[in-house]
Amino acid sequence: MDGTAIERHGEELYRALRERFTVPPLTDREPSITIDDAYRIQLAIVARKLEREGVRHVGKKIGVTSEVVQTMFSVDQPDFGHLTSEMMLRDGDTVPTERMIQPRAEGEIAFVLKRDLRGPGLEPADVLAATDCVKACFEIVDSRIRDWKIKIQDTVADNASCGVFVLGDRVVDPRDVDLNTCGMVLEKNGEIVATGAGAAALGAPANAVAWLANTLGALGMALNAGEVILSGSLAAMVPVKAGDSLRVSIGGIGGCSVRFV
């Protein structure tokens with residue numbers, strides 16, 4: 001895909017994000033689109049946010065970490081997107097649904113880095129050594145692609161379907177908890193709607209972060225100290241709407257909550 005097409009689709013998806021409308025799948029309109037093309041479109045969106053809005057880059061998210069989702073997309077690796085400062089919320093905050101298009105919630109473990117991670121060649125132990133703390137997290141994903149009719153190229157181009165994310169207040173040393181076996185419970189309006197465990201994120205959350213650091217390292221980029229890394233959903237996405245209250249609890253790590261208005 002040439003640079004003109006990359007910029008055109010980047011502008012379209014940026015406008016869809018800010019003006020709250022959906023677009024037909026890129027894979028229907030650009031049948032030859034590759035994952036590399038999709039990441040170039042993603043960067044075009046992020047560049048517009050940074051340049052036009054003055055927001056800051058604060059981290060990255062990892063998606064498509066479960067085997068079932070990889071099978072659905074016919075891929076054998078996760079994807080990633082960029083987190084910016086206006087997306088970050090605190091425990092107990094509210095999310096105006098008018099800010100979203102078709103939101104869904106995921107319970108995750110967030111890593112906060114205390115030093116840079118530069119691949120390739122990193123192992124999960126390197127991730128843990130570079131991590132300041134882990135926190136319970138909600139990622140509220142959203143798609144600018146109509147009716148979530150997405151293939152892997154569509155979601156990558158759409159900044160990995162990023163919406164907003166909510167971090168819990170409790171900070172935990174990752175060496176003080178078994179991140180692979182810790183259980184997650186997600187409640188919606190007081191009822192349990194999803195359960196999972198750390199191993200749902202690519203076998204281990206630290207595996208997912210190592211994958212990201214190694215993938216970026218091969219491109220000459222690093223994960224930097226202070227960044228927040230969302231390591232992947234621990235269960236299926238949960239649709240949300242105005243009036244819903246959600247809480248996620250992760251064994252040994254804590255929890256966080258969010259309301260939609």
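Two strands count as paired if DSSP finds at least two bridges between them. The legends below describe a predicted model.

**View 1. The open sheet of five strands.** The strands follow the order β4-β13-β12-β8-β9, and their pairing is mixed. At the edges stand β4 (94-95) and β9 (191-197); each has a single partner strand, so one side of each is left without a neighbour in the sheet. Strand β8 (residues 183-188) pairs with β9 in the antiparallel sense, over six bridges. Within this pairing, Met184 stands opposite Gly196 in β9.

**View 2. Strands β1 and β2.** Strand β1 (residues 57-63) and β2 run antiparallel and are joined by six bridges. Strand β2 is mostly covered, with six of its six residues buried.

**View 3. The stacked rings of Tyr39 and Phe80.** Two aromatic pairs turn up in a search of the whole structure. In one of them, Tyr39 and Phe80 are stacked, with 4.6 Å from centre to centre and 20 degrees between the planes. This pair links distant parts of the chain: Tyr39 belongs to helix α3 (residues 35-53) and Phe80 to strand β2 (residues 79-84), 41 residues apart. Tyr39 and Phe80 are both buried. Ring pairs also bring in Trp211, giving a cluster of Tyr39, Phe80 and Trp211.

**View 4. Asp37 and its surroundings.** Asp37 lies in helix α3. Its relative accessibility is 7%, and residues under 20% count as buried, so Asp37 is buried. The side chain of Asp37 reaches the backbone nitrogen of Met1 at 3.5 Å. With neighbours within four places in sequence left aside, the contacts of Asp37 are Met1, Ile6 and Ser32.

**View 5. Helix α1 and what covers it.** Helix α1 (residues 3-19) has 17 residues, which at 1.5 Å a residue should span 24 Å; the end C-alpha atoms are 24 Å apart, in agreement with that value. At the start of α1, a side-chain oxygen of Asp2 comes to within 3.2 Å of the backbone nitrogen of Thr4. Just after α1, Arg20 has a positive phi of about 60 degrees. The buried residues of the helix are Ala5, Ile6, His9, Gly10, Glu12, Leu13, Tyr14, Ala16 and Leu17. Their cover includes α2 (26-29), α3 and α6 (152-157).

**View 6. The largest nonpolar core and a separate one.** The largest nonpolar core holds 68 residues, of which Ile109, Leu117, Phe138, Leu223, Ile250 and Ile253 touch the most other members. Helix α7 (residues 205-217) gives the most to this core, with eight residues. Apart from this core lies another, of 12 residues, including Val58, Leu83, Val112 and Phe165.

**View 7. Contacts of Leu117.** Leu117 is one of the residues that touch the most other members of the largest nonpolar core. Neighbours within four places in sequence are left aside here, and the remaining contacts of Leu117 are Leu122, Asp126, Val127, Ala130, Val209, Ala213, Ala222 and Leu223. Among these contacts, Leu223 is also listed with the residues that touch the most other core members.

Technical notes: Residues numbered from 1 in each chain as written. Predicted model: local features only at pLDDT ≥ 70, side-chain atom pairs only at ≥ 80, totals over all residues. Heavy atoms only, no water. Phe/Tyr/Trp six-rings, centres within 6.5 Å; stacked < 30°, edge-to-face > 60°. Helix = DSSP H or I, 4+ residues; strand = E, 2+ residues; numbered from the N terminus. Buried < 20%, exposed > 50% of the residue type's maximum accessible area, 1.4 Å probe, protein only. Expected span 1.5 Å × (residues − 1). Contact = heavy atoms within 4.5 Å. Polar contact = N/O pair within 3.5 Å; in protein donor to acceptor, adjacent residues only side chain to side chain. Core = buried A, V, L, I, M, F, W, Y, C linked by side-chain atoms within 4.5 Å.
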